Amino acid sequence: MAKPHILIVDDDMYVIEVLTSYLEILGYRVTPAYGCRQAIAQLQTTDKVDLVILDYLMPDGSGADLLRILGEDPGMQKPPVIMSSGILDAKAPVWDELRKHLPAVSQSLIQAYVSKPYTLDAMDVALHEILGGDYIPGPRITRKNQPTH
């Protein structure tokens, strides 16, 4: 089975580096995009993306801008999306308002919300909700199974 391909769209290099390392350990294939323009370029390729982890606020546009473009451009890939934000709480009503202003296709792509700073466990829950039926990653690294020195 091919490794699921995750596109991380975030302007924070630290978030991308930590999340990329973690997801690769779990067996995912990861491509970073440091903003909307890089994400658009990746989603226009034939290299299939199975999931997007999308930051809400970036210097070259918002996650909502990217979602709008995805909904309006029939030639772009339309993978499921985990929205991530450090300024908006996942349970805040503003998410529903933002979602209502997107094309229906874009609305349907949003499968989960994870507030920053998030724990890797919170991201795991969202990943399993979306990819769990098709892919279960390898064993997790925990303190219990780490070698002792």
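Reply: Helices (H or I, at least four residues) and strands (E, at least two) are DSSP runs, numbered from the N terminus. This is a predicted model, in which local features need pLDDT of at least 70 and side-chain atom pairs count only at pLDDT 80 or more, while totals for chains, interfaces and linings use all residues. Residues are numbered from 1 along each chain as its sequence is written, and side-chain values use heavy atoms, with hydrogens and water left out.

Me: In which pattern do the helices and strands follow one another along the sequence?

Reply: The protein holds 6 helices and 7 strands. Read along the sequence, they give the pattern β-α-β-α-β-β-β-α-β-α-α-β-α.

Me: What percentage of the residues of the protein count as buried?

Reply: A residue is buried under 20% relative accessible area, exposed over 50%, and partly exposed in between (1.4 Å probe, protein chains only). Of the 149 residues of the protein, the share that counts as buried is 46%.

Me: Which residues have the most contacts inside the largest nonpolar core?

Reply: A nonpolar core is a set of buried Ala, Val, Leu, Ile, Met, Phe, Trp, Tyr and Cys residues joined through side-chain atoms within 4.5 Å. In soluble globular proteins, nonpolar side chains tend to be buried together. Here the largest core has 23 residues, and those with the most contacts inside it are L7, V9, V52, L54, L67 and M83.

Me: How many residues does the second, separate core have?

Reply: Among the members of this core are L19, Y22, Y28 and I53. The number of residues in the second core is 21.

Me: With which residues is M83 in contact, leaving aside its neighbours within four places in sequence?

Reply: Contact means heavy atoms within 4.5 Å. By that rule M83 is in contact with L54, Y56, G63, L67, W95, I110, A112, Y113 and V114.

Me: Which element gives the most to the lining of the largest cavity?

Reply: On a 1 Å grid over the protein atoms alone, a cavity is a set of points where a 1.4 Å probe fits but cannot get out, and lining residues have an atom within 4 Å of a point. The largest cavity is lined by Y56, A64, L67, M83, W95, L98, R99, L102, I110 and Y113. Two or more of its lining residues come from each of helix 3, helix 4 (93–100) and strand 7 (110–115). The most, 3 residues, come from helix 4.

Me: What is the volume of the largest cavity?

Reply: Grid points are joined across faces, edges and corners, and a volume is the space filled by probe spheres set on the points. By this rule there are 2 cavities of 30 Å³ or more. The largest has a volume of about 50 Å³.

Me: Which element gives the largest share of the lining of the second largest cavity?

Reply: This cavity holds about 30 Å³ of space. Its lining consists of I8, V9, D10, V15, I53, L54, D55, S84, K116 and Y118. The largest share, 3 residues, comes from strand 3.

Me: Is Q44 buried, exposed or partly exposed?

Reply: Q44 lies in the loop between helix 2 and strand 3. Not counting residues up to four places away in sequence, Q44 touches D73 and M76. Because its relative accessible area is 48%, Q44 is partly exposed.

How values were computed: On a 1 Å grid over the protein atoms alone, a cavity is a set of points where a 1.4 Å probe fits but cannot get out, and a pocket is an open set with protein on both sides within 12 Å along at least five of seven lines; lining residues have an atom within 4 Å of a point.
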